[in-house]
Amino acid sequence: MNTPIPRWLIGLTAVVYFFLHLPVLVLVVFSFNDSKFSVDWRGFTLQWYQRLWERPDILRGLKASLIVGSAATVISAVLGTLLALALARQRFRGRRALEGFLFVPIVTPEIVTGISLLLLFALLKFPLGLTTITIAHVAFCISFVVIVVLARLQGMDENLEEAAMILGADEITTFWKITVPQLWPGILSGALLAFTMSFDDFVITSFVSGPGSSTLPIVVYGMVRKNVEPSINAISTIILFATAILIYLADRLARAK
Amino acid sequence: MGAFRERALAWLYSRPEARAWALLAPAGFWLVAFFLVPLLIMFVYSLMPRGIYGGVEPGFTLAHYTRFFDPLYLQVLQRTFAWSIACTVICLVLGYPVAYVIARSRRWRTLLLFLVVLPFWTSFLVRTFAMIFLMRDTGLINSWMLKLSVIQEPLTILYTPFAVMTGLVYGFLPFMILPIYASLEKLDPSLHEAAEVLGARPLARFRRVTLPLSMPGVVAGSLLVFIPALGSFLTSDLLGGAKQVMIGNLVQNQFSSARNWPFGSAASFIVMALVLAAVMWYLRVKDAGARIEPAK
Amino acid sequence: MTVSPQQPVVQLSDVSKSFGEVKAVDKVSFDIKRGEFFSILGPSGCGKTTTLRLLAGFEEPDEDGGEVRLLGETVNKKRPYERKIAMVFQNYALFPHLDVARNVSFGLEQRKTPKIEIEGRVRRALEMVRLKPDMFSHRMPGQLSGGQRQRVALARALVLEPAILLLDEPLGAIDLKLRKEMQLELKALNQQLGTTFVYVTHDQEEALTMSDRIAVMDNGRVAQLGTPAEIYENPRTAFVARFIGESNFFEGLARRAGTAWEVRQQNGACFQVPPHPALANDKPIRIAVRPEWLDVQTPDAVPPGENALTGVVREIIYLGETLHVIVTVPGSGDVTVALRNEGQLIKPLAWKKGDTAAVAWLPEDCQILEEE
């Protein structure tokens, strides 16, 4: 089309972008504000970031998030990759149905998943803690890993595995020497995605965590509720940057040849 | 080791279905045990009478579901529905133009797309807090308006329906923009040229070529906003306070202060049913639409 | 298992392979001799690739779907890595994460060949496909052109010194000029190494150029098996006649006329055919006549002994080396005659559009077709 884009459309787009990003930018900027209560700019400071180090609850929350995140990532990466392999390479009854079913955990509201898991653990009298959180996170992360790895598998040249076999490599050797190296960026990408989802999760975690096992989002939620100090801005900024970097890496990996 | 490998290979090769199931089993088990079974338990609980401490006791009752005919709870359902629809419409109105501009721009496209995708991945909690930071009585908006003497006293922005709606739109807008962009981007530019040659002016071209062909994206985007809005909890919790109750908050309440697990399960099941209904509707519409899409 | 030089290295006996309801390969039988350049030729969907995959082991014949024998051994149930066979794929299938040298040495590593030996063999294999080892060994597949990738794929297969090499339309994605070059190279390798080549293609020119024998496939069956000359000059069925080169078809009822045979068409026209076992009185017969076996003559000046059918010149197509004269003959449709171009500027053709003319041919210059 040769007609230029109408000015008002560009204006509207700019406003929307503003709306989408301004609140977070403001949040980040004010994490450096040298003032505890006022939203007036009083000078640049890193004290709120330093305060974070001094807060045991934040450090404990971070530790919990990292433990749960790592465990959930590894488990869902392995399970998800196996599932993706089954969907991509095997012919079996119910394959279509399973592919569709994978979307259900993604579509289900977090509140529903959280509640139902709480009920399960209560019924089994299983104590709530880091284990239950990990179990819950794996349950919703698997779908994401499968989607990413499946996309990579489907884009993969099927002849590669056949070429390896005709050159003398049996199924197991072919898998390790040819399939996995090809798949690796996809698996890593899916893993990073899973870690990010796990790290950021609040709703589901809030239902399946016990008193001593608060993850970072839960601690932050508590801080938001109690409306304390700009430390919230500081921890929010850190979380923002950390996850942005992870997602960027996941995206690069997903595109890697 | 060699013999084991031989036997493993022979077994793998001889029974393709077994091979498939071996790969599926771990993830399958996890999903069944920790996703399906809990949902089943929730459904069963919703049909049992409430026990003394808020749990359940043996029996069967539909009371928890019929309770939704009570105006108090009906209102919650209506409000949730209304707000979800309103949010979808607003996102559509704001999102479509943005998607259009991105699809039309060549130089800035990557950057613009990146800026839309970025909010997707930042923590929802953090973004909601950003809203609070702006909207609360001592927040940025109020303090600047006071400073510029636009108002004399702080405006109550937080804990109003307006705050919740803003929060919902802010949270879900990227979900609307991306599918519409994807749909527009696939549009064959020669269709516009053909329309132009046939005498159609820009507005007519939009109305009769662009808009109908971008419908799949519009429908997808609408669903990607509507469904999470239905089940949303955090936004109304943090931005709405005690008064702007959506169904998500109702559910959460039953599991904390109200201590009524079966009722909470029923409410939860209703949300789930609404979401699934929306998804099924979308799948039907998608298949019907696929037959009308232009041949490439 | 060793095979004597006379025994065929590949034997397919009544091999069938179905996918669900569809029979992709239907009771196919043929033998391939040692050192032969054997092509399987046919249009898309005829079953040629499936046949090749049955040889490779990527597909298994149906339960009672015949026997595949390689080097004297029945290999129906053998996995690809258990067969002593090499393959070059249509889209090369080079391992993207390994460089050229590692790609080529992959098969040798699987056989646990000692490292010292591998290096030498890889070098020789690359030289054989005309890629300088020093330049190419450490390049990655992504950095190579299509032609180069194909050569690496070839080297990867040949380095194993296989008795049998399978090739699945290897030159499909390569441009014309390079393709012709590579056809000659492949043929040279086949003769030089003595390796049996089993070559799948849909390009009949390619098959005719390179092959010792061709199996023409149609709908899962072998329509005809023979040398390029046999296939081209004596096509057995209308399908083969049509698929290989161009053919004109004439039909009618056969009739004995003294010692000779005649075919009478519905409109009364008739022509002679040489004796053939399939001929019987009043039997519907179809013959194929290639354009280059026909000539255009004035209807009353046809040389004696030649068949002639009269029609109207519809079109004359200038092809440089030849001229195609298309004559519409009642009862036989458009007949294409290929005439050598003797220079239109010096000695132009006597015919032009709209002229009445006869297409003529010698009775023995035809092919009597069998039922399909």
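The model is predicted: local features need pLDDT of at least 70, side-chain atom pairs count only at pLDDT 80 or more, and totals for chains, interfaces and linings use all residues. Residues are numbered from 1 along each chain as its sequence is written, with chains lettered from A and ligands numbered from 1 in the order in which they are written.

**Chain A**

Select chain A and colour by secondary structure. It has 12 helices and zero strands, where helices (H or I, at least four residues) and strands (E, at least two) are DSSP runs numbered from the N terminus. Along the principal axes, its C-alpha atoms fill a box of roughly 70 × 65 × 30 Å. Of its 257 residues, 49% are buried; a buried residue has 20 or more other C-beta atoms within 10 Å of its own, with C-beta atoms placed from the backbone.

**The largest core**

Next select L83(A), I142(A), V145(A), A194(A), A99(B), F172(B) and V271(B). These have the most contacts inside the largest nonpolar core, which has 149 residues. Such a core is a set of buried Ala, Val, Leu, Ile, Met, Phe, Trp, Tyr and Cys residues joined through C-beta atoms within 7 Å. Helix α7 (residues 130-155) of chain A gives the most to this core, 15 residues. Centre on V145(A): beyond its neighbours within four places in sequence, its contacts include S76(A), G80(A), G190(A) and A194(A). Contact means C-beta atoms, placed from the backbone, within 7 Å.

**A229(B)**

Move to helix α11 (residues 215-230) of chain B and pick A229(B). A229(B) is buried because 26 other C-beta atoms lie within 10 Å. Show W83(B), S84(B), C87(B), T88(B), L168(B) and F172(B), its contacts once neighbours within four places in sequence are left aside. F172(B) is 57 residues away in sequence, and the C-alpha to C-alpha distance is 8.0 Å.

**Chain C**

Colour 10-240 as domain 1 and 246-368 as domain 2; the bounds come from an automatic or database domain assignment. Their C-alpha centres lie 40 Å apart.

Then select strand β16 (residues 307-318) of chain C. Six bridges join β16(C) to strand β19 (residues 356-361), antiparallel, and six join β16(C) to strand β17 (residues 322-329), also antiparallel. Strands pair if DSSP finds at least two bridges between them. Stop at V312(C): its bridge partner in β19(C) is T356(C), and in β17(C) T328(C). Finish at G320(C), in the hairpin of β16(C) and β17(C), where phi is positive, near 90°.

Methods:
Buried ≥ 20, exposed ≤ 12 C-beta atoms within 10 Å, placed from the backbone. Contact = placed C-beta atoms within 7 Å.
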